Amino acid sequence: MRLLSKVVLIFILIVVVSLTTLIGLLHTRYNQPLLNFALTHLSPYQVFAKKIDYDIRTPYQITLERAEITQHQQVLLNADSITLWLSKSSLTDHKPVFDGVQINNITAVNMPLFSQSSPVTVKRLILNNTNINTPEFKIKHGVIEMDNWQTPQPNTPWWQSFNGSFKMSATSIQWHQLQLQQLLLNADKHDQQWQFNGISGLWHQATVTAQAQLDNHSHNLTVDQLTISRFHLQDQQLFDTWRQQLSHPITGLKTITFNRIDIVNSSIELPQWGADDINLSLKNWQWPLTYWQQKDSRLSFSAGHAQWQQLNFEQPLAELQFMPQQIISHGMSAHIMQGFVRVDGWIDPQQLFINDLKASGIKWFVGKNWHQKWQQWQQQYTDVIAKKININNSQITSSTSHIPFQLAGIDIDAQDTVLKQNNQWGLWQGSIEANLGFGSINQIVMNQAIATMHSNAGQWQLDKLVLPFKHGMLKARARMSLETPHRLWQLTMMGDTIPAQILYRWLALPLPLTGAIDTQIKLNGHASSWRDFNTHLTGSANIALRQLALDNITPQQLLTQWQQSNITVESQSATTPTVASPLQLTTPPLTITAQDGTIQLSPLTITGDNFGLNMAGQWNLVNSQQQQFQLTLTTGCQQLIRSWHQGVSSSTVDSLCTGNTKYVPVKVDETVFPH
């Protein structure tokens with residue numbers, strides 16, 4: 001026993017002497033070589049420090065000042081100081097365990113992964129004033145705290161090799177394309193699961209707060225709540241960059257589920273669209289799914305003002321639901337064009353369904369390119385269905401179109417209508433009643449116009465059309481079979497004291513007249529296409545003209561204009577001065593017949609003081625070779641004969657005063673008598 005006691009005592013003395021020697025060395029200038037020697041056996045890294053602080057009163061704590069970590073003579077990390085708190089368990093477990101590690105003022109370009117080191121455990125890792133600049137991850141003046149950090153496994157970033165609490169603050173941080181300032185983050189991580197309890201920061205001068213969950217195993221991110229406040233965007237290029245980035249995969253993520261996104265007190269001002277005082281709430285949005293692929297997402301939107309292209313919306317509101325291949329409107333409204341509009345319904349990639357549309361007090365000033373915009377918009381839908389449309393006290397004005405017009409006091413009531421079917425517009429089903437308080441179409445004034453129509457299974461019928469003029473009225477009835485391939489149609493019109501200006505202001509006939517027209521017209525044919533219409537147009541028109549006079553033009557001016565190759569209404573109205581005394585004219589009743597696209601005009605003579613006009617012939621809407629038509633205008637001692645024959649127009653002017661004759665062949669001008 002004495003021998004055993006001596007051996008134990010000698011061993012204890014050796015340990016005490018060794019520890020005393022080791023502690024003593026840590027208080028001398030040999031502490032740095034000693035530490036490097038130890039780290040060389042623990043890891044492939046070397047640590048250099050200008051000063052090492054150690055105090056026997058805190059035997060498990062050591063501080064390295066002005067430290068530098070290198071590998072293969074390449075500097076990986078610089079720090080003002082590194083403080084280590086060695087755990088007592090490391091002495092018994094024979095592996096490095098630290099109760100805490102604190103690194104101050106880090107500067108790193110490539111953070112070491114430590115994956116080649118011996119297993120190291122740090123119960124509390126603190127990185128103060130951290131500056132990291134890597135291709136995927138950038139931090140400026142950051143503070144990072146994490147629990148239970150361990151030496152990472154291969155291909156695992158160092159900042160993910162822990163379990164427990166994770167806290168971070170930074171002046172600026174960038175992860176892939178996401179950049180935040182004044183970041184505060186509080187999270188917990190267990191194995192591959194991240195729980196972000198709170199994230200806040202500044203994003204493009206906007207305040208951002210969020211809560212989220214990240215599954216590194218499935219690469220799915222779930223954003224429980226994201227709030228963006230006071231966001232302002234005016235850079236179109238920046239917006240295009242974000243949109244392009246969101247349309248491409250994000251590194252390390254397969255899906256992002258936004259349980260809720262709120263954007264409040266924000267504004268967007270871009271060349272094509274914008275809005276201010278935006279308040280938006282989006283729920284259950286899935287990325288990278290498109291809006292046609294969402295499972296059940298809902299959007300609530302309001303703004304003080306919004307602008308899209310050239311339309312301005314005041315106080316717009318929207319409640320939208322996104323379903324697979326369907327977007328449902330539970331209510332969209334706005335003050336627009338000095339009126340108010342509200343609509344709900346739904347759309348899919350090919351169909352527009354309007355459940356209820358209300359518009360009141362709209363004043364629409366039609367621009368030059370409205371027709372092109374309309375074509376682009378309507379082409380995306382093969383079917384348009386409207387269950388209920390109610391428009392009242394509205395107005396449409398166009399001063400830039402070929403035929404300027406103004407329609408005011410518009411009231412429209414539509415019920416259960418199918419307006420477009422299989423890419424063909426028409427009233428396929430339902431009923432429409434329209435009333436017009438006042439209308440002016442190219443200076444022709446109407447008051448209290450009425451139109452009613454209905455359709456059942458594609459059998460469309462115009463029940464009543466009444467156009468009251470100042471001293472007359474035009475009534476019409478029509479029907480069309482939309483379901484049949486040829487679209488057979490019939491039209492009946494009766495006019496009493498219709499203003500004669502309609503001939504050139506609406507129909508573009510190059511003969512400006514005033515007076516009154518009494519007429520009875522019956523037409524029928526096909527309407528599957530314009531060529532089909534021109535080929536099968538059949539019917540007759542009986543016309544009586546009363547109280548005729550030339551409208552603001554003299555016979556000599558009319559003769560001069562008819563000598564031009566292209567006779568248009570614009571040339572007459574634009575250059576003709578006011579005529580003090582209109583020339584009174586007389587003419588017998590006129591009969592026009594149409595048979596399979598060939599219009600036959602019975603000989604017509606219009607006479608006046610020192611004026612004569614004779615017209616006769618036929619006009620084929622399909623084959624210009626069958627056109628035979630002649631105008632003979634006589635005024636004073638001049639005579640103009642203009643004829644159309646087999647696609648060629650010729651003009652002959654005789655001067656009875658001088659005896660000269662002028663013959664001018666010109667290309668046929670089909671705009672004189674439009675199809």
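Arg-124, Glu-145 and Asp-147 are linked in a network of salt bridges. A salt bridge here is a side-chain nitrogen of Lys or Arg within 4 Å of a carboxyl oxygen of Asp or Glu. This is a predicted model, in which local features need pLDDT of at least 70 and side-chain atom pairs count only at pLDDT 80 or more, while totals for chains, interfaces and linings use all residues. Residues are numbered from 1 along each chain as its sequence is written, and side-chain values use heavy atoms, with hydrogens and water left out.

Helices (H or I, at least four residues) and strands (E, at least two) are DSSP runs, numbered from the N terminus. Asp-147 counts as buried at 19% relative accessibility, whereas Arg-124 is partly exposed at 25%. The cut-offs are under 20% relative accessible area for buried, over 50% for exposed, and partly exposed in between, with a 1.4 Å probe and protein chains only.

By the salt-bridge rule the count comes to ten. Another of them joins Asp-262 and Arg-260, at 2.7 Å from N to O. Asp-262 is buried, at 13%, and Arg-260 is partly exposed, at 33%. Lys-358 and Asp-356 also meet in a salt bridge, at 2.6 Å. Here Lys-358 is partly exposed at 37%, and Asp-356 is buried at 16%.

Which residues gather in a patch of negative charge on the surface? They are Glu-269, Asp-276, Asp-277 and Glu-314. Patches are made of residues with over 30% relative accessible area and no salt bridge, like charges being joined within 9 Å and nonpolar side chains (Val, Leu, Ile, Met, Phe, Trp, Tyr) within 5 Å. Lys and Arg count as positive and Asp and Glu as negative; His and the chain ends are not counted. The place of a charge is taken as NZ of Lys, CZ of Arg, CG of Asp or CD of Glu.

Contact means heavy atoms within 4.5 Å. Ser-267 itself is in strand 14 (residues 255–269) and is buried at 18%.

There is also a nonpolar surface patch, formed by Trp-364, Trp-370, Trp-374, Trp-377 and Trp-425, with about 480 Å² of accessible area together. Accessible areas come from the Shrake-Rupley method with a 1.4 Å probe; for residues, only the protein chains shown count as cover. Helix 5 (residues 370–378) gives the largest share of this patch, three residues. Trp-425 belongs to strand 25 (residues 424–441) and is partly exposed at 33%.

Trp-619, in strand 35 (residues 611–620), is buried at 5%. Its C-alpha atom is 5.7 Å from that of Thr-598, 21 residues apart along the chain.

Finally, the totals. The protein has nine helices and 39 strands. Buried residues make up 41% of its 675 residues. Of the contacts between residues at least 6 apart in sequence, 45% join residues at least 24 apart. The protein exposes about 37,000 Å², with carbon and sulfur atoms supplying 57% of it.
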